[in-house]
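We will go from stop to stop, selecting a few residues each time.

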Amino acid sequence: MDESESSLLEYLDLSQLTCLNEAGQHNVKSILASKVRNSTSSFLESDVDEQLLINITFNQTVRIRAVAIQSPTVVQAPRRVKLYINSPSLGFDNIEEGASKIAQEIELSEDQVSEGKRVPLRYVRFQAVNSLHIFVESNHGDDEHTCIGAIDVFGFPVLGARDLSGLKRQGD
């Protein structure tokens, strides 16, 4: 891991955090609202079928190197996942019609989802990310519901190397 690379959850814009097809009581905010990797018993669960579309917006532009998705039950853990970037109004219709370009498709192993291991991404495709969209297409057990206990995104903010807090306005 690069020294400047860390969890990007602190840069989440919670007001724009959404998930399509989430169960009412087990929603995406229950695992991401604290802006740190979830270690509680809370989880995100799909409602009608196994598919989920998680829309994560950042409060500044970031570069993403890896993602980690963990599930409390392997049978309901995500298996095939497609990642999209910078598509604020992405919905299931856009995905089905192929209207949005896939940044990367991932096949998660049981090992990766049970332990929440980092999955490296094609870094060149994730250089200037304002929003990340995680489409869970299927799960390991072909179960009716998908369950996610934790999500983490690793990289660094594009302007993170500069600390502007000490600057003063001209004329002060």
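Two rings of Phe, Tyr or Trp count as a pair if their centres lie within 6.5 Å. This is a predicted model, and it holds one aromatic pair.

**Stop 1: the ring pair.** Select Phe92 and Phe135. Their ring centres are 6.1 Å apart. The planes meet at 70 degrees, and over 60 counts as edge-to-face, so that is the class of this pair. Now colour by secondary structure. Phe92 belongs to helix α2 (residues 92–97), while Phe135 is part of strand β8 (residues 129–139). The pair therefore ties together parts that are 43 residues apart in sequence. Phe92 is partly exposed, at 22% relative accessibility. Phe135 is buried, at 4%.

**Stop 2: charges over rings.** Select Arg65 and Tyr123. Arg65 lies over the face of the Tyr123 ring, 3.9 Å from the ring centre. Next, select Arg118 and Phe154. Here the charged end of Arg118 sits over the Phe154 ring, at 3.5 Å from its centre.

Stop 3: Select Glu45, in strand β3 (residues 44–45). Which side chain of opposite charge is nearest to Glu45? It is Arg79, 17 Å away. Glu45 is buried and has no salt bridge. What does Glu45 touch, beyond its neighbours within four places in sequence? Its contacts are Asn21, Glu22, Ala23, His26, Leu52, Gln76, His145 and Thr146.

**Stop 4: the cysteines.** A disulfide is a covalent bond between the sulfur atoms of two cysteines. The count here is zero disulfides. Select Cys19 and Cys147. Cys19 is in no disulfide, and its nearest cysteine sulfur, that of Cys147, is 12 Å away. Cys147 is in no disulfide either, with the sulfur of Cys19 as its nearest, at 12 Å. Check the surface again. Cys19 is buried, with a relative accessible area of 9%. Cys147 is buried too, at 3%.

**Stop 5: positive phi.** Most residues other than glycine have a negative phi. Lys35 is in the loop between α1 (29–32) and β3.

Last, select Asp142. Its phi is positive, at about 50 degrees, and Asp142 is not a glycine. Asp142 lies in the loop between β8 and β9 (147–148). At 65% relative accessibility, Asp142 is exposed.

Note on methods: Residues numbered from 1 in each chain as written. Predicted model: local features only at pLDDT ≥ 70, side-chain atom pairs only at ≥ 80, totals over all residues. Heavy atoms only, no water. Phe/Tyr/Trp six-rings, centres within 6.5 Å; stacked < 30°, edge-to-face > 60°. Helix = DSSP H or I, 4+ residues; strand = E, 2+ residues; numbered from the N terminus. Buried < 20%, exposed > 50% of the residue type's maximum accessible area, 1.4 Å probe, protein only. Lys NZ or Arg CZ within 6 Å of the ring centre and 35° of its normal. Lys, Arg positive; Asp, Glu negative; His and termini not counted. Salt bridge = Lys/Arg side-chain N within 4 Å of Asp/Glu carboxyl O. Contact = heavy atoms within 4.5 Å. Disulfide = S-S within 2.5 Å.
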